[in-house]
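Please read them with the structure open beside you.

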Amino acid sequence: RQKMKFKGWQMVYTGMMMEFSVVGFIFYCFPLMFSALERDLGATQSQLSGALSLWFISSAIASIFLGRLLDKFSIKKIMMIGGVIFSLGLFSISFVQSSFNLLLIYATLLAIGGPALGNLSVTKLVANWFESNAGMALGIAAIGISFSGVVLPILVDPLIEMIGWRNVYMVFGLIVIFLLIPTVRYFVIDTPEEIGQHKDNLPDQPAPDSSQGLLGIKDFFKHRIFWIISLAFAFQFLAMGGVLLHLPLHSENQGFLETWTILGLPIKQTVFAYSFAAFGGVVGKVFFGYLMDRLRPNIPVMIMMAMQSIGIFGLTLIDSYLFFTMFCFVFGLGFGGAMVLMSACFLKAFGSQNLGSVRGVSAMLIVPVQPIGMVLVGTAFDLNLYLESFLLMGAITLIGFAIGSRIVIR
């Protein structure tokens, strides 16, 4: 009888596809809609930044419950239900008539459906299939997050001009219904044991740590390492979100207004710089995933924080387009490693059996902090103080660097 091919990498590539779509549709494409949303809905820059802030806060609350469900029930079923909810959110956006309705959809349907179809479920799924190579596997799966920022802005920006932003969201919803949900249905397998396989495709598995049973929500708060990991990445995400969300507007204010034609597609300098930062994120995910499997956890975390900070300072202070794009790439290298490193740190500290729960509980600390950067920078744009706010984001990343240096997992 022929031995079945190891299915772990199938989970990784399926997860990559989900990450690409969820983060791309919610985050990377949203700033491209700002001008149209301001015109059609009468929304302000602060309100539009607030939509993502509400999404982060609401998804944090949802993740507490979703993480627990993922540790107890079928990941596949949760992803499929999440896909239905996510598609309803996308369809709903195409019909909104006010900024309040937009905020409401981001705070409900997208906040529940996004994590259930995307990162929270994908992280748990990959951790079920990998242990010794978990850093690399998580990094490859998370490539979808940044790769969406490379590809989707270039494709969606001209599409907005061709069919309008409302129809673009309709297309997003159809993609979820007819492509993503069927992919989950036919390719996702919750654990290797279901089909007689083993983690990492290794028959000799390390003995499970008997001290790491399924922890209660209150138990995580008793561990010092939980607080260190959560706070380090809270500051990192705060700074990253504030800069990345407003990077296209910053590019315009710097005077990078030319439009190139590449392969027949009109590519704005602002969109190219935005995509190039996301490309740095693609490289960063694999690079830091590799480092995480080979070094003490605090080392990759410190390198990642340093790159993000250097990138932010550079793209804020430089007015040459060539150097501007280079610092966008360095910024991307840094923030690209964040989600991978955070998940890998929690995996090493609490085991795969608690990963869904600890990720959900950590959101209680990380997510209330994360939107501060978006709202602060969005308000600073309205007050014409955004350069100062960008420099503040670079300094805040260094706080994450200092806290991250204390991540020691025994």
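1. Start with the lining of the largest cavity. Its residues divide into 20 nonpolar, eight polar and three charged. The model is a predicted one, and these totals for linings use all residues.

2. How much volume does the largest cavity have? The value is about 590 Å³. In all, 31 residues line this cavity. Nearest its centre lie Trp55, Phe56, Asn119, Met339 and Gln370.

3. At least two lining residues each come from helix 1, helix 3 (45-72), helix 6, helix 7 (119-129), helix 8, helix 11 (224-245), helix 16 (338-350) and helix 17 (355-382). Which of them gives the most to the lining of the largest cavity? Helix 17 does, with six residues.

4. The count comes to two cavities of 30 Å³ or more.

5. Helix 7, helix 8 and helix 16 each give two or more residues to the lining of the second largest cavity. By type, that lining has six nonpolar residues, three polar and one charged.

6. Two or more lining residues come from each of helix 2 (34-41), helix 8 (134-163), helix 12 (247-253) and helix 13 (269-292). Helix 2 gives the most, with five.

7. Check the residue types in this pocket as well. The lining of the second largest pocket has 12 nonpolar residues, five polar and seven charged.

8. Last, look at helix 9. It runs over residues 165-187, 23 residues in total. From first C-alpha to last, helix 9 reaches 32 Å, close to the 33 Å expected. Where is the kink in helix 9 centred? It is centred on Val176, and the angle is about 35°.

9. Val176 is also one of the buried residues of helix 9. Others include Trp165, Phe172, Leu180 and Val184. The buried residues of helix 9 pack against helix 1 (8-28), helix 2, helix 4 (75-93), helix 5 (99-107), helix 6 (109-117) and helix 8.

Notes. Residues are numbered from 1 along each chain as its sequence is written. This is a predicted model: local features need pLDDT of at least 70, side-chain atom pairs count only at pLDDT 80 or more; totals for chains, interfaces and linings use all residues. Side-chain values use heavy atoms; hydrogens and water are left out. Helices (H or I, at least four residues) and strands (E, at least two) are DSSP runs, numbered from the N terminus. Ala, Val, Leu, Ile, Met, Phe, Trp, Tyr, Cys and Pro count as nonpolar, Asp, Glu, Lys and Arg as charged, and the others, Gly among them, as polar. The expected span of a helix is 1.5 Å times one less than its number of residues. The bend at a residue is the angle between axes fitted to the seven residues ending there and the seven starting there. Buried means under 20% relative accessible area, exposed over 50%, partly exposed in between (1.4 Å probe, protein chains only). Contact means heavy atoms within 4.5 Å. On a 1 Å grid over the protein atoms alone, a cavity is a set of points where a 1.4 Å probe fits but cannot get out, and a pocket is an open set with protein on both sides within 12 Å along at least five of seven lines; lining residues have an atom within 4 Å of a point. Grid points are joined across faces, edges and corners, and a volume is the space filled by probe spheres set on the points.
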